[in-house]
Amino acid sequence: LYNYVTFQVIPENYIPWMTVVLISEIKIDEVICKLKKLNIECRRVFKPLSNNYIQYPNAWYIYNNGLCLPSSTLNTDKQIKYVCKQLIKILKKGGE
């Protein structure tokens, strides 16, 4: 998966409440649509509060390229691997 997406560096003893990946090879809306067809719930990251693209380019980059993947303490290793496998398939195919 590391060949296709960028993960946030997680500090030690940190428990994230979201799993977010940055994807630049394919439009986020296409990825979301394809994952939903596989019954994998996902969504964009939160939209920046400011519409100022110039002053907050990082916030807009993350919004345009960020994808929130399913995250729960109830996710099994099998479910996590399934989501990763499907995401890799989608990213390998690109916008086909």
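A charge counts as sitting over a ring if the NZ atom of a Lys or the CZ atom of an Arg is within 6 Å of the ring centre and within 35 degrees of the ring normal. Keep that in mind for Arg43, which lies over the face of Phe46 at 4.3 Å from the ring centre. One thing to know before going on: what you're looking at is a predicted model.

## The overall layout

Let's start with the big picture. The protein has 3 helices and 4 strands, and if you read along the sequence they come in the order β-β-α-β-α-β-α. Of its 96 residues, 26% are buried. The protein exposes about 7,400 Å², and carbon and sulfur atoms supply 55% of that area.

Now back to Arg43. You'll find Arg43 in strand S3, which covers residues 43-44. Is Arg43 buried, exposed or partly exposed? With a relative accessible area of 32%, Arg43 is partly exposed, because that value falls between the 20% and 50% cut-offs.

If you leave aside the neighbours within four places in sequence, Arg43 is in contact with Met18, Ile32, Leu67 and Cys68. Take Leu67: Arg43 and Leu67 are 24 residues apart in sequence, yet their C-alpha atoms are 5.9 Å apart in space.

Arg44 has a ring of its own to visit. Arg44 lies over the face of Tyr63, at 4.8 Å from the ring centre. And Tyr63 takes us to the aromatic residues.

How many aromatic pairs does a search of the whole structure find? The search turns up 2. Here they are:

| Aromatic pair | Centre to centre | Angle between planes | Type |
|---|---|---|---|
| Tyr53 and Trp60 | 4.5 Å | 50 degrees | tilted |
| Trp60 and Tyr63 | 5.6 Å | 85 degrees | edge-to-face |

Trp60 and Tyr63 are 3 residues apart in helix H2 (residues 57-65), so about one helical turn separates them.

Tyr53 is exposed, since its relative accessibility of 52% is over the 50% cut-off. Trp60 has a relative accessible area of 6%, so Trp60 is buried. Tyr63 is buried too, because its 17% is under the 20% cut-off.

## More on helix H2

Which residues of H2 are buried? They are Trp60, Tyr63 and Asn65. The cover over the buried residues of H2 includes S2, H1, S3 and S4.

At 14% relative accessibility, Asn65 falls under the 20% cut-off, so Asn65 counts as buried. Beyond its neighbours within four places in sequence, Asn65 is in contact with Val21, Leu22, Ile23, Ser24 and Ile28.

## Helix H3, one face in and one side out

Helix H3 runs over residues 77-93. At 1.5 Å a residue, its 17 residues should span 24 Å, and the end C-alpha atoms are 25 Å apart, so the two values agree.

The buried residues of H3 are Val83, Gln86, Leu87, Ile90 and Leu91. Why do we say that they line one face of the helix? Seen down the axis of H3, these buried residues fall within an arc of 135 degrees, so one face is where they sit. Their cover includes strand S2 (19-22), helix H1 (28-37) and strand S4 (66-69). On the other side of H3, the exposed residues are Asp77, Lys78, Lys81, Lys85, Lys92 and Lys93.

## Two positive phi angles

Just after H3 comes Gly94, with a positive phi of about 65 degrees. Asn39 is not a glycine, but Asn39 has a positive phi as well, at about 60 degrees. Where does Asn39 lie? Asn39 lies in the loop between H1 and S3. With 73% relative accessibility, Asn39 counts as exposed, because that value is over 50%.

Definitions and conventions. Residues are numbered from 1 along each chain as its sequence is written. This is a predicted model: local features need pLDDT of at least 70, side-chain atom pairs count only at pLDDT 80 or more; totals for chains, interfaces and linings use all residues. Side-chain values use heavy atoms; hydrogens and water are left out. Buried means under 20% relative accessible area, exposed over 50%, partly exposed in between (1.4 Å probe, protein chains only). Contact means heavy atoms within 4.5 Å. Rings of Phe, Tyr and Trp (its six-membered ring) pair if their centres lie within 6.5 Å; planes under 30 degrees apart count as stacked, over 60 as edge-to-face and the rest as tilted. Accessible areas come from the Shrake-Rupley method with a 1.4 Å probe; for residues, only the protein chains shown count as cover. The expected span of a helix is 1.5 Å times one less than its number of residues. The arc is that of the directions from the helix axis to the C-beta atoms.
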